[in-house]
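Here is a short briefing to read alongside the model. Have the sequence and the 3D view open, and follow along residue by residue.

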Amino acid sequence: LIAEQSKLETFVSILTEAAILLDENLRIVFFNQAAIKTFKYFNNCIIGVPIFDYWPYDLNNKLIQILNKMVNESSSNSIRVYTQKTFTIFDRKIEKTLRFKLTTILDRHRKILIGIAIIVQDITYEVKNSEAGRAQFIGHVSHELRTPLFNIQSFLETLLEYNHILTNKQKIEFLTIANRETTRLSYLVNDILDGNKPETFENSK
């Protein structure tokens with residue numbers, strides 16, 4: 001048993017993602033070096049301590065209900081996996097965006113809960129890049145939308161102001177251009193709406 005435990009701890013310790021193991025009472029049993037890097041206040045002294053004593057208040061609020069639900073539903077003899085994307089502020093200067101994957105661990109013989117494994121991904125860099133890309137996209141879209149709007153407004157204002165001196169041919173030409181720009185604008189808006197897919201919370205059993 002000691003040899004198997006040593007193998008497991010060695011494997012978990014080399015994971016690049018933060019790994020935390022809790023017992024059935026949500027007390028800390030094990031965590032790897034990546035967890036120490038993510039949660040800088042983790043140290044050997046917190047083994048055996050409830051996880052909620054060491055997580056920030058806002059993070060506890062987001063995860064305590066999920067963890068308690070996993071414990072309470074363990075009697076159904078099924079493994080439950082929850083993935084929760086959330087964020088927390090560790091101090092006044094640093095904000096991290098983390099993705100949590102929580103999995104129940106059952107005794108394979110008696111089918112009872114013996115712990116909960118938590119894998120934490122630090123996706124702060126990816127989120128910042130995504131936000132930068134989103135800002136660039138919005139700037140590009142704004143430019144693309146302004147052009148047809150400006151053209152439509154210009155030709156309609158011309159028709160209203162000079163209606164009495166424009167020939168029918170000129171009026172038809174201006175209306176044709178305004179109609180073409182309206183169609184272009186409609187395509188742009190539809191492309192933007194079709195590409196807008198919101199993120200979801202995942203819960204699988």
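Helices (H or I, at least four residues) and strands (E, at least two) are DSSP runs, numbered from the N terminus. This is a predicted model, in which local features need pLDDT of at least 70 and side-chain atom pairs count only at pLDDT 80 or more, while totals for chains, interfaces and linings use all residues. Residues are numbered from 1 along each chain as its sequence is written, and side-chain values use heavy atoms, with hydrogens and water left out.

- You will find Trp55 in the loop between helix H2 (33–38) and helix H3 (57–72).
- Trp55 is buried because its relative accessibility is 4% (buried means under 20% relative accessible area, exposed over 50%, partly exposed in between, with a 1.4 Å probe and protein chains only).
- Leaving out residues up to four places away in sequence, Trp55 has contacts (heavy atoms within 4.5 Å) with Ile20, Phe39, Tyr41, Phe42, Asn60, Leu63, Leu67, Phe100 and Ile118.
- Phe42 is 13 residues from Trp55 along the chain, and their C-alpha atoms are 9.6 Å apart.

**Salt bridges**

- There are two salt bridges in the structure, each being a side-chain nitrogen of Lys or Arg within 4 Å of a carboxyl oxygen of Asp or Glu.
- Arg27 pairs with Asp23 in a salt bridge, with 2.8 Å between the closest N and O atoms.
- Arg27 is partly exposed at 34% relative accessibility, whereas Asp23 is buried at 13%.
- Arg184 pairs with Glu181 in a salt bridge, with 3.5 Å between the closest N and O atoms.
- Both Arg184 and Glu181 sit in helix H5 (residues 168–194), three residues apart, or about one turn of the helix.
- Arg184 is partly exposed at 31% relative accessibility, whereas Glu181 is buried at 9%.
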